[in-house]
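User: Hey, can you walk me through this structure? I'd like to start with the charged side chains and then go on to the strands.

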Amino acid sequence: MPKAYDTIIIGAGIAGCCAAFALQQKGQKVLLVDRSSVPASGGSGAAGAFVSPKIGKGSALQALTNEAYEYAKDFYLKYFPKYFHQTGVIRIPKDAEDAEKFKLYEPFNNSKYRWVDKEELEAIGIQNADESFMFEEAGVCDAPAMCRAIWEQVPFEQFDVESLEFDGKYWLLKQGNIPTQESGNKKCIKAKNIVLATGYQNTLFDMRYMGVRGTWGSRGDYYSKLKLNVSMHKSISVSANIEGIIKLGATHNKAKYPCMACDGKPLKSLEEQGSLMVDTSDFVLKETFCGMRSGSKDYFPLVGKVIDVPFMFENYPAITRGAKPQIKHIENLYVLNGLGGRGFVFAPLMAKWLAESITQAKETDKRVDPDRLFLKWCRKLRVNSE
């Protein structure tokens with residue numbers, strides 16, 4: 001008989017790892033699965049993994065991001081301090097025009113910060129920079145190591161999910177192309193609930209309405225003796241020197257075929273921009289990380305239940321003409337996705353909210369509920385077909 005769990009989480013990036021951890025803390029019997037044998041093999045592994053606030057003029061996305069930031073830094077410090085380096089993060093204006101905007105952002109900086117002038121920036125070793133914001137409680141995660149540390153706290157199995165079937169009580173997951181010791185038979189596991197934390201790729205259900213899109217990112221880790229005690233972000237991120245390693249990353253390439261677009265030199269633009277920020281003369285490349293991070297149409301995370309799209313179209317064809325029927329969800333199927341370039345900021349809080357939804361039937365925060373995108377998507381389908 002297949003092994004049974006309360007919840008199986010598919011995808012071992014930072015979103016899936018945090019979801020599994022949060023649900024296990026709620027007392028659930030969980031299993032984290034991924035087609036790879038290691039965590040963070042995609043976008044999470046390539047992330048710059050900065051944990052810092054968002055600056056701006058007080059938008060709803062800024063408010064949510066900074067709420068998640070406050071939760072994330074406390075979460076990492078409490079449970080995984082070895083892999084969260086609270087170096088402080090300096091947010092540097094891109095140019096003189098951007099520097100003027102920083103003055104407008106100041107009233108909306110609710111996170112603890114201070115101004116850093118040019119003289120102090122130069123003393124730190126930061127070149128070509130205007131007066132900046134310093135967030136001293138911010139920092140950077142060691143992305144793959146952080147995911148692995150969380151992953152090691154929960155049951156994990158390498159499992160390439162070929163199909164998902166619901167029998168009225170349990171979801172049955174059948175193994176894909178990874179060989180098993182069960183001669184000739186596909187391996188099967190089951191759970192009451194499924195969480196899809198699959199990132200950019202999804203072939204299991206029709207979730208087009210969520211508008212998940214990929215952004216290719218590359219990051220480089222460099223050996224260096226440069227004395228750099230603080231992390232920074234301008235057009236790219238440069239980490240502090242942590243145990244002889246400085247991280248540059250990550251790029252944001254929306255090309256369909258990113259490896260072809262970068263012409264085999266994924267770190268070229270990072271290295272060029274990094275050299276304008278700090279002295280990179282002794283940098284020696286240790287390792288390159290590449291992967292596709294996933295974002296949503298409106299840049300807000302996607303956390304909650306999954307709509308039964310075929311059912312809705314079959315029973316309510318007028319939804320493409322503006323009808324607003326009651327939405328039907330697929331039973332016990334959830335998503336945690338679309339964290340974008342701030343995955344390590346959003347993941348802990350979004351996982352907490354999802355765990356509360358699954359275990360306590362707590363209503364999903366409207367800002368991240370994927371339902372927000374469905375009806376508009378349906379209407380757009382009609383427009384596009386005409």
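Analyst: A salt bridge here is a side-chain nitrogen of Lys or Arg within 4 Å of a carboxyl oxygen of Asp or Glu. The pair ties together distant parts of the chain, 74 residues apart: Asp 298 is in the loop between S17 and S18, and Arg 372 is in the loop between helix H10 (343-360) and H11. Helices (H or I, at least four residues) and strands (E, at least two) are DSSP runs, numbered from the N terminus.

User: Before we go on, what kind of model is this?

Analyst: It's a predicted model, where local features need pLDDT of at least 70 and side-chain atom pairs count only at pLDDT 80 or more, while totals for chains, interfaces and linings use all residues. Residues are numbered from 1 along each chain as its sequence is written, and side-chain values use heavy atoms, with hydrogens and water left out.

User: OK. How accessible is Asp 298?

Analyst: Asp 298 has a relative accessible area of 27%, so it's partly exposed. Arg 372 is partly exposed as well, with 27%. The cut-offs are under 20% for buried, over 50% for exposed and partly exposed in between (1.4 Å probe, protein chains only).

User: How many salt bridges are there by that rule?

Analyst: The count comes to 18. One of the pairs is Lys 118 with Asp 130, at 3.7 Å from N to O. Lys 118 is in helix H5, and Asp 130 is in the loop between H5 and strand S7 (132-135), 12 residues apart. Lys 118 is partly exposed at 44% relative accessibility, and Asp 130 is partly exposed at 24%. There's also Asp 206 with Arg 208, whose closest N and O atoms are 2.9 Å apart.

User: Which charges gather in a positive patch on the surface?

Analyst: Lys 297, Lys 324, Lys 376, Arg 379 and Lys 380. Patches take residues with over 30% relative accessible area and no salt bridge, joining like charges within 9 Å and nonpolar side chains (Val, Leu, Ile, Met, Phe, Trp, Tyr) within 5 Å. Lys and Arg count as positive and Asp and Glu as negative, with His and the chain ends not counted. Lys 380 sits in helix H11 (residues 374-385). Gly 322 is 58 residues from Lys 380 in sequence, and their C-alpha atoms are 9.9 Å apart.

User: And what forms the negative patch?

Analyst: That's Glu 106, Asp 117, Glu 119, Glu 122 and Glu 131. Glu 122 is in helix H5 (residues 118-124) and counts as exposed, at 58% relative accessibility.

User: Switching to strands: what's the order in the sheet of 8?

Analyst: The order is S6-S7-S5-S14-S15-S16-S13-S17, an open sheet with mixed pairing. Strand S6 (114-116) and strand S17 (284-295) are the edges, each pairing on one side only. Two strands pair if DSSP finds at least two bridges between them. Strand S5 (residues 89-91) and strand S14 (residues 231-233) run parallel, joined by 3 bridges, with Val 89 partnered by Ser 231.

User: Is strand S18 enclosed or left open by the rest of the structure?

Analyst: Largely enclosed, because 5 of the 6 residues of S18 (residues 302-307) are buried. S18 and S19 run antiparallel with 5 bridges between them, and Ile 307 has His 329 in S19 as its bridge partner.

Technical notes: Areas by Shrake-Rupley, 256 points an atom, 1.4 Å probe, with all protein chains shown as cover. Charge placed at Lys NZ, Arg CZ, Asp CG, Glu CD.
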